[in-house]
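Hi,

Here's the structure I promised to pass on. Have a look through it first, and then read my notes below.

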Amino acid sequence: MPTSMRMTMSRWCVVAVVAALAAALLGPAAHAAPSAGGAPRESRPVYSYADAVRESVWVDTGLDGDGDGRTDRVAADIVRPREAAEQGRKVPVIMDASPYYSCCGRGNESQIKTYDTAGHVVGMPLFYDNYFVPRGYAFVAVDLAGTNRSDGCVDVGGPFDIQSAKAVVDWLNGRARAYTTRTGTTPVRAGWTDGRTGMIGKSWDGTIANGVAATGVPGLKTIVPISAISSWYDYYFQQGAPLYGSGPDWLSDAVESDDAHAHCAAVQKRLVDGAPRTGDRTPLWSARDYVRDAGKVRASVFLVHGMQDLNVRTKHLGQWWDALAKNGVPRKIWLSQTGHVDPFDYRRGAWVDTLHRWFDHELLGYDNGIDREPMADIERHPDQWVTSRLWPPRGTSATTVRPASGPRAGVGTLGLARARGTETFTDDPHLSETDWAATVDTSTPEKAGFVTPPLTHDLRLSGSSQVTVTATPTTSTAHLSAVLVDLGPDTIRDYADAGEGVTTLADRTCWGASTAGDSACYLETKATTTAVDHTVVSRGWADLGHYASASKGVPLTPGRAYTLTVDLAATDHVVPAGHRLALIVAGTDKDLIDPRSTTATLTLDLARTSARLPLVGGASAFARATSRPAATPPGTAPRHGVRAPHTVHRMP
């Protein structure tokens, strides 16, 4: 058994034993369903949601982001079971800290918080309070600094954002101060909780969970980050290549409250000045890199991500997962075929059940077996899921495959043997990865493609890939894209559609208890599918000027060769027998990275260009699957894929 796995299992066992003792001493035994042996295995909805305590507190962050001479307070709206408090039973907390509770909404129906005339919370977005409060949990929804009813300024993943939520975890564990009003002096304590906290959230919310976990704050027992950022530099850039036409100041401006608009100009300026569009890493980005602090994480982690998420790309998932694994963090993962979509909207019943069991295990200490089940759930085809005991599975190894020239310019082969020769392409920012894949068997000037013969056996990629390119540019600046493509017919979720793989229906289903002001009933969804001839399964981008340093780019010397390794997004994909695997190297990927002002032509040195793929079975699996050469040359008719994705000015 690998050392990291021994560490993970050991930590999980200790956590489970401690949690079980705490549950036995403090937990509400009445709300637990016992197993055959008498130990509780499932929390039950025995508490009244209608009679739940609804209150708001303002937690002192200890920071003064808006510079008004007072430490900022963040609003935390709470729904908790009244009967538990009356019985003296302490309950754990599920928490979602978000910038979106007033400006943009949460979930597929863009819900916001609602309040009565006295300012008491009436409606909470999402189903967490409706479902979990009757089962003996408190739900806490935190307005990040500078948003909704909180003081301070939005700093997009920086100290203000993270401290907004960390301070609430500290308050729940008796280490921070909170007050009954935003400006008052009446203190309030969280005597109703045992302090055990689980954070959850999609996108920016899940990002905050990652960031708070990376502080190592005591009391945070688990996090469930959904489509979440692990390093903000990698949200706006990849290896020097700009991914959006804006910086974090645009995002801050979009979510901050009217008060923050009036008082946070200095913070906005720091966001502009600290995040130049050069692609260079600056101290601003270092302060927003949670991966580097993965060693501080004490919480277990249940990661969820869409493998075709082009908003928060799976590079975030891959680097965070690998860092957590290296540090022995107990973890679980779901990978869907969708884009930027919550699992509640693509696998609702299984998601609610799994999340329920996860929180019961991690926060109540119930031995329900979820820690002994397969680590990964993976969507192979729309609504068809498989499991993997470990992720990546045992037997996965980084396998180096190499491009070689073919009979036509830009139409080469992909195999294990090193080859000589060159291929040349000219950047065309009007074309995307979809265009390149459609013409992979055709000699076109904007890309170089390298393809295996039809596979004789399935080939599974599981994890993160890298492509090392040695290229000679004709200009002083150049961008590179590298994509892996499954060439073959399939029906997939249409991740380029507006719903990113799901369609919202007219019928509703209910998940928990409701009140007049907070319904637990949500519109159903179904998979949006499309038939394709090829599927892009992983992609990555880089600025060639960052060849020597990830931190700073330099002008290129035309005619000189440069070597750079491009990180590709994590995936878990099976290329079926009969399909082919393609590696495409090109310039600007339309709408996914910004183009350079110059048009570069690049010549690849194939002897010094390669890809390292995480293949289950390693090199022997690749050799077996590609041992039979193609009987006839492939056709050159364009192949159909999804429409070109468009990601300009998305919000995490």
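What covers the buried residues of helix H5 (residues 204–213)? Among the elements doing the covering are the strands S5 (91–98), S10 (193–202) and S11 (220–226). Helices are part of the cover too, including H4, H7 (248–255) and H11 (314–326). Keep in mind that this is a predicted model.

If you want to click through them, the buried ones are Trp204, Asp205, Gly206, Thr207, Ile208, Ala209, Asn210, Gly211, Val212 and Ala213.

Now zoom in on one of those neighbours, H4, which spans residues 159–172. H4 and H5 pack at an angle of about 75°, and their axes are 9 Å apart. Angles of 65 to 115 degrees count as roughly perpendicular, so that is what H4 is relative to H5. On the H4 side, the contact is made by Asp161, Ile162, Ala165 and Lys166. H5 brings Trp204, Ile208, Gly211 and Val212 to it. Sorted by type, the residues of this contact are five nonpolar, one polar and two charged.

A word on confidence: the pLDDT averages 93 over the protein, and 92% of the residues score at least 70. Over residues 1–11, though, the pLDDT is below 50, and that stretch has 19 contacts in the model beyond near neighbours in sequence. Residues 13–30 also stay under 50, with 20 contacts beyond four places in sequence.

Cheers

Conventions
Residues are numbered from 1 along each chain as its sequence is written. This is a predicted model: local features need pLDDT of at least 70, side-chain atom pairs count only at pLDDT 80 or more; totals for chains, interfaces and linings use all residues. Side-chain values use heavy atoms; hydrogens and water are left out. Axes are lines fitted to C-alpha atoms, for helices over the stretch in contact, and angles run from 0 to 180 degrees between N-to-C directions. Helices (H or I, at least four residues) and strands (E, at least two) are DSSP runs, numbered from the N terminus. Angles under 35 degrees count as roughly parallel, over 145 as roughly antiparallel, 65 to 115 as roughly perpendicular and the rest as oblique. Contact means heavy atoms within 4.5 Å. Ala, Val, Leu, Ile, Met, Phe, Trp, Tyr, Cys and Pro count as nonpolar, Asp, Glu, Lys and Arg as charged, and the others, Gly among them, as polar. pLDDT is the predictor's confidence in each residue, from 0 to 100. Buried means under 20% relative accessible area, exposed over 50%, partly exposed in between (1.4 Å probe, protein chains only).
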